[in-house]
Amino acid sequence: MPIEDTAEANLAVAPTQESGLRHRDLMSALDALPEEQRSVLLLVTVEGLSYAETADILAIPTGTVMSRLSRARDRLLQLMDGTDAAAPAKRPLLRRVK
């Protein structure tokens, strides 16, 4: 088949190293979170549970879920960006699915 007949999209392949490194960094950052923050973050962002559902599962007030989620997102962003832990996060990282 002549090269002219090959679509450009078929020639380009995205590098996998960057996504692999991001995944490794994300897993390390998740491991670095305190358990109470990690569990809230995973239930809301990965499992797609509402704040109320998360609060029921963990037997904590909804406000505590919101607080822990906010702190977990900020800390995860700081760990992923390599920024100072004392500096507040400037952008949202993970949003609730529902």
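How many of the 98 residues of the protein, in percent, count as buried? The share is 26%, where buried means under 20% relative accessible area, exposed over 50% and partly exposed in between (1.4 Å probe, protein chains only). The model is predicted: local features need pLDDT of at least 70, side-chain atom pairs count only at pLDDT 80 or more, and totals for chains, interfaces and linings use all residues. Residues are numbered from 1 along each chain as its sequence is written, and side-chain values use heavy atoms, with hydrogens and water left out.

The protein has five helices and zero strands. Helices (H or I, at least four residues) and strands (E, at least two) are DSSP runs, numbered from the N terminus. From that end, the order of elements is α-α-α-α-α. Contact is defined as heavy atoms within 4.5 Å. Among contacts between residues at least 6 apart in sequence, 45% join residues at least 24 apart.

The largest nonpolar core comprises twelve residues. Such a core is a set of buried Ala, Val, Leu, Ile, Met, Phe, Trp, Tyr and Cys residues joined through side-chain atoms within 4.5 Å. Its members are A29, L30, L33, V40, L41, V44, A55, I60, V65, L69, A72 and L76. Two or more residues each come from α2 (17–32), α3 (35–46) and α5. The most come from α5, with four residues. The core member A55 touches I60, P61, T62 and V65, not counting residues up to four places away in sequence.

Axes are lines fitted to C-alpha atoms, for helices over the stretch in contact, and angles run from 0 to 180 degrees between N-to-C directions. Angles under 35 degrees count as roughly parallel, over 145 as roughly antiparallel, 65 to 115 as roughly perpendicular and the rest as oblique. The crossing of α2 with α5 is right-handed. A crossing is right-handed if the near helix is turned clockwise from the far one by less than a right angle, and left-handed if anticlockwise. On the α2 side, R22, D25, L26, A29, L30 and A32 take part. They meet L76, L79 and M80 in α5. By class, this contact has seven nonpolar, no polar and two charged residues. Ala, Val, Leu, Ile, Met, Phe, Trp, Tyr, Cys and Pro count as nonpolar, Asp, Glu, Lys and Arg as charged, and the others, Gly among them, as polar.

L76 lies in helix α5 and counts as buried, at 0% relative accessibility. The C-alpha atoms of L76 and D25 are separated by 10.0 Å. These residues are 51 apart along the chain. L79 also lies in α5, which spans residues 62–81. L79 counts as partly exposed, at 29% relative accessibility. Its C-alpha atom is 8.4 Å from that of D25, which is 54 residues away along the chain. Leaving aside neighbours within four places in sequence, L79 contacts A29 and A32.

A second pair is α3 and α4. Their axes come within 10 Å and cross at roughly 135 degrees. That makes α3 oblique to α4. The crossing is right-handed. From α3, the contact involves S39, V40, L43 and V44. From α4, it involves Y51, T54, I57 and L58. The contact of α3 with α4 has six nonpolar, two polar and no charged residues.

I57 is part of helix α4 (residues 51–58). I57 is exposed, with a relative accessible area of 54%. I57 touches L43 and L49, not counting residues up to four places away in sequence.

The loop between α4 and α5 includes A59. Phi of A59 is near 55 degrees, a positive value in a residue other than glycine. A59 is exposed, with a relative accessible area of 69%.
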